[in-house]
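Me: I am new to this structure and would like to go through it by question and answer. Please show it first.

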Amino acid sequence: MKPLKLSIHTSIPLQDGYLYAGNLFLVFKDGTLKTLPITRVLQKYFGEDVENFNFFNLAFSRNSWYTNEQADTLFAIENIKKTFTDNWEKYNGGNLEIEFSEDEFDSYLKLPKLPIFDFRLYGMRMFVGNRDGLFDTGIDIDPKNAKVSFKDSLERVFDARTTYLSAKSDSLLVTSNSDGLFHGRLVQTNGRLVVTESPIRKESLRTGWNGYNVVNYSTQNNFDLLLTEREQVKERTFLYSAADEDSKKIKITGIGEESFNMDEVLSLHSDLIDNIKYVFNAPKSCYFFLKNGEFINIFFNKYQNRNLLSRKIYDTWKPDSANTRNSKIISANAIKDGCVVEYDDSVILIKGHQEIPLKTNPVLSVRTYATSIRYKNIISIVDRNGIDLYSVFPF
Amino acid sequence: MPLTTHPRNPNQTYGPTNRGHFYISKEDHRKTAAPKKDKTRWCIREGEEYCVFKIANEGIIDEENNQIWWYCEDNDCLFGFVFENDRLLKIGENEEQIAKFPNDRNEHDPWHGYPVSTEESQNRPSSELLDRLEECGCISDVYRLRIEKGRI
């Protein structure tokens with residue numbers, strides 16, 4: 001089943017977009033950042049049609065509710081599942097297109113020099129990376145109308161070129177290419193990010209989370225698995241959306257004292273090593289795209305005394321489409337039960353050995369929200385026409 | 001600018017460009033060379049390698065009629081590519097889309113070059129060079145970002 005799609009067009013072209021706490025944070029080519037609540041997008045499209053508004057609101061705002069324990073029970077009732085599936089089918093493959101003019105957005109922030117290489121929202125703060133470094137500001141969200149306000153100015157907290165960011169458990173991993181990988185920490189509620197002066201690793205192209213451990217990619221086809229030290233805390237030192245009920249309070253106190261290189265991780269599958277074209281990870285597993293066109297998914301998520309206890313090949317698959325097998329991979333991101341692959345001139349959703357084309361042109365940004373509570377099955381893609389949001393069918 | 005082929009001179013060089021510079025194709029980077037771990041290979045013909053060099057060497061003419069070449073001060077080299085129909089053409093055997101022409105030669109020697117991956121900073125045009133190239137439409141915002149992030 002195809003995903004539901006919302007296309008948002010803006011009068012000023014976009015460079016990037018990020019979904020956080022019910023809002024779209026949009027980077028415009030004129031150097032500004034503006035926000036837009038998802039509910040406003042849906043209200044504009046559906047107007048008085050409450051039924052469809054609610055259906056789409058659930059799909060794009062609380063996608064996780066389809067797969068929680070309550071939903072398992074509810075969708076076990078055949079008629080309910082059928083009604084839901086029929087409704088999804090009515091809209092999937094179609095395109096809900098909505099135009100927004102400049103004055104319809106909420107907040108406004110002047111950004112540092114474009115292009116922005118990456119930006120993240122985490123712990124009710126926004127982090128923006130560009131050629132001049134990493135910038136940070138706090139945000140507030142009004143629970144009544146989801147309106148965003150910026151608490152303080154966007155201030156530089158790190159001065160090396162910042163190209164990739166990822167966040168979890170009070171930590172922000174800051175990738176600075178050949179300057180290395182740095183560890184940023186939220187040490188104080190409402191305080192600015194504190195970034196370590198020395199790099200954790202000397203080379204970093206991007207990073208990912210494998211549970212609470214870090215995967216650092218030095219190239220598109222090589223990585224180190226960095227183990228973290230962590231502790232359970234009574235209270236978080238950062239703010240979080242009131243709607244997110246994750247109760248785990250874990251703080252990362254150190255990264256990379258112990259690590260495994262890719263050869264060690266793949267010691268049981270060493271035949272793969274010279275054949276890897278692109279590798280990336282999901283929270284519990286790692287995807288290898290091989291030069292012969294195969295995709296392999298390996299779990300390696302248990303460690304003890306410098307031993308990897310589990311590195312089982314979970315899935316091997318050779319796609320039908322020559323494009324998916326042979327094209328150059330620019331980026332790949334996990335969703336709950338699959339991944340989204342950005343090729344040189346297309347974007348494909350891969351779920352259950354099925355390839356679903358999302359775009360057939362080069363795009364500026366592809367994002368998924370695999371570590372998010374609410375948006376695990378949401379994809380956002382920015383190109384010259386605006387931003388497209390996709391909600392992936394949950395079953 | 002489309003990829004075209006050019007004839008070789010009797011002394012094995014190509015050119016000159018309108019800057020008076022020559023290019024020589026190095027055997028171990030050629031499409032027909034045996035694969036070596038530390039040598040990238042072109043996937044285009046020798047005469048087309050020169051075309052990539054010529055585009056970078058001759059550069060663009062700005063509004064004040066100055067010729068600006070695609071020289072990167074940070075890495076002391078020229079970076080070249082072929083941007084056509086809103087896409088960067090694949091020019092290397094390993095899907096590379098950017099070529100590097102290092103300025104490690106004596107003044108009158110011909111240039112040489114090879115395809116590179118932008119994963120490493122010495123193989124990436126500086127942000128300042130990319131600003132100029134994007135402004136004059138030599139590259140799109142999409143590919144510029146991919147280069148800056150080291151993804152191609």
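Reply: Two strands are said to pair if DSSP finds at least two bridges between them. The model shown here is predicted.

Me: Which residue of E8(A) is the bridge partner of Arg120(A)?

Reply: Strand E7 of chain A covers residues 118-122, and E7(A) pairs with E8(A) in the antiparallel sense over five bridges. Strand E8 of chain A covers residues 125-130. In E8(A), the bridge partner of Arg120(A) is Phe127(A).

Me: Which residue in the turn between E7(A) and E8(A) has a positive phi?

Reply: E7(A) and E8(A) form a hairpin, with two residues between them. In that turn, a positive phi of about 60° belongs to Gly123(A).

Me: Which residue of E9(A) is the bridge partner of Met126(A)?

Reply: E8(A) also pairs with strand E9 (residues 133-141) of chain A, in the antiparallel sense and over six bridges. These two strands, E8(A) and E9(A), form a hairpin with two residues between them. The bridge partner of Met126(A) in E9(A) is Thr137(A).

Me: How many residues of E8(A) are buried?

Reply: In a regular strand, side chains alternate between the two faces of the sheet. One side of E8(A) holds Arg125(A), Phe127(A) and Gly129(A), the other Met126(A), Val128(A) and Asn130(A), and both faces are covered. Buried means under 20% relative accessible area. The number of buried residues in E8(A) is six of six.

Me: Turning to chain B, in what order do its elements run from the N terminus on?

Reply: Chain B contains three helices and 10 strands. From the N terminus on, the order in chain B is β-β-α-β-β-β-β-β-β-β-β-α-α.

Me: What is the radius of gyration of chain B, and how does it relate to the globule rule?

Reply: The C-alpha trace of chain B spans about 40 × 35 × 30 Å along its principal axes. For 152 residues the globule rule gives 15 Å, and the value for chain B is close to this, so chain B is as compact as a globular protein of that length. The radius of gyration of chain B is 14 Å.

Me: What share of the contacts in chain B with a separation of 6 or more comes from residues 24 or more positions apart?

Reply: Of the 152 residues in chain B, 51% are buried. Among the contacts of chain B with a separation of 6 or more, the share from residues 24 or more positions apart is 55%.

Me: How far apart are the mean positions of the positive and negative charges of chain B?

Reply: Chain B exposes about 7300 Å², of which carbon and sulfur atoms supply 43%. Chain B has 21 positive and 29 negative charges. The distance between their mean positions is 7 Å.

Technical notes: Residues numbered from 1 in each chain as written. Chains lettered and ligands numbered in written order. Predicted model: local features only at pLDDT ≥ 70, side-chain atom pairs only at ≥ 80, totals over all residues. Heavy atoms only, no water. Helix = DSSP H or I, 4+ residues; strand = E, 2+ residues; numbered from the N terminus. Rg over C-alpha atoms; globule rule 2.2 N^0.38 Å. Buried < 20%, exposed > 50% of the residue type's maximum accessible area, 1.4 Å probe, protein only. Contact = heavy atoms within 4.5 Å. Areas by Shrake-Rupley, 256 points an atom, 1.4 Å probe, with all protein chains shown as cover. Lys, Arg positive; Asp, Glu negative; His and termini not counted. Charge placed at Lys NZ, Arg CZ, Asp CG, Glu CD.
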